[in-house]
Amino acid sequence: MTVEHELRQALIDDASGVDAPDRWDDVESRVAAQQRRRKVWIAGLGGVSLVAAALATLLLLPGLARHSPSRVSTTASSLPAPQPSVVTTAPVEPSTMVAPPGVPTTARPDGTLHTAEGLQPLWPFAGIAEARAWQDASRTSGAQPWHLDADLTALGFTQGYLGYTEVDRVTGHAVGATDAQVSVGYESEGGRTATAAMLHLVRFGSGPEAPWEVVGTNDGPDFSLDTPAYGASVVSPMTVGGAINGVDESIAVEVHQLSTEVPIGRQCCVPAGSTGIPWQTSVSFAGDHDRVLTVSASTGGHLKAVERFVVTGVRVSS
């Protein structure tokens, strides 16, 4: 019913009770009062609507804030080397330092090991010429200073080159003038830290600004990669194997080269376990353009996708 119909009905109802024309003024005043009440009621509805809308807005805003993007995304390519979430400086005992299999070594007076020859440049430089080119560029522009940090170089190799992104921290290191042993790992149960591998790095070039180069891992009795031998000439397919301690292990093998962003060969997954039990598989690779290849073997799946890994450097047979 519209306002006009209500007013008309009110006139009829009031007029039906009028006994004399002198009551008309009273009827008009009652109708006017009803009109005022009607206007107040409509205005009240508008006010309630505004209050309800305001309350809805206040309730909605926190939800919008929760669903609004608040992080700035970055790509791995924008960072020269991944930053470690935790870096410890626990020294590595010299007795635990083992050179890559087949590499001749000489003992230093302080007991650490220094590789004399036969090194395979795995990452980040393909050879001494590239390292010297970076040295020249760094002197003039200061580009990529992380090359002078053995810890960051080790993490860059692990996360950026091998793709083991959950291995995100340095758990110990021993850094000398020309070589370094850097242990990398991850957070395990109870906030503890586990070590996944010990990387062997050497200075590439000359002078105090010579960059670090990863040349292999120092394998222990828990996990090793013995075949192919370090520095061996290989063809596809190649036999890869070693020994491992553990329970319900699953080993993945990958073949990497510096000139491509993805592995050029992969074999997964090799079941293994028990104590010092040999493991072995065959892996094919294709699209090899580099002379030096990195062969990596990893196992995990209990806490992290990769919990232990080992690498070796080989050369493609000409």
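Trainee: How do you know that strand β5 and β6 pair, and in which sense, parallel or antiparallel?

Mentor: Happy to start there. In this predicted model, β5 (residues 179-187) and β6 share 9 bridges in the antiparallel sense. Two strands pair if there are at least two bridges between them, so 9 bridges qualify. As one example, aspartate 179 has valine 202 of β6 as its bridge partner.

Trainee: What sits between β5 and β6 in their hairpin?

Mentor: There are 5 residues between the strands, and glycine 190 in this hairpin takes a positive phi near 70 degrees.

Trainee: What makes β6 and strand β7 a pair too?

Mentor: Here the count is 5 bridges, again antiparallel, with β7 spanning residues 212-217. The cut-off is at least two, so β6 and β7 pair. Leucine 199 stands opposite threonine 217 in β7. By the way, β6 (residues 193-203) is mostly covered, with 8 of its 11 residues buried.

Trainee: Let's turn to serine 259. Why is serine 259 called partly exposed?

Mentor: Its relative accessible area is 46%. Buried means under 20% and exposed means over 50%, so serine 259, at 46%, falls in between and is partly exposed. Serine 259 lies in the loop between β10 (238-256) and β11 (265-283).

Trainee: What makes the link between serine 259 and aspartate 290 a polar contact?

Mentor: Their side chains are joined at 2.8 Å. The limit for such a pair of N or O atoms is within 3.5 Å, so 2.8 Å meets the distance condition. Leaving aside residues up to four places away in sequence, serine 259 touches His289 and Asp290.

Conventions
Residues numbered from 1 in each chain as written. Predicted model: local features only at pLDDT ≥ 70, side-chain atom pairs only at ≥ 80, totals over all residues. Heavy atoms only, no water. Buried < 20%, exposed > 50% of the residue type's maximum accessible area, 1.4 Å probe, protein only. Helix = DSSP H or I, 4+ residues; strand = E, 2+ residues; numbered from the N terminus. Contact = heavy atoms within 4.5 Å. Polar contact = N/O pair within 3.5 Å; in protein donor to acceptor, adjacent residues only side chain to side chain.
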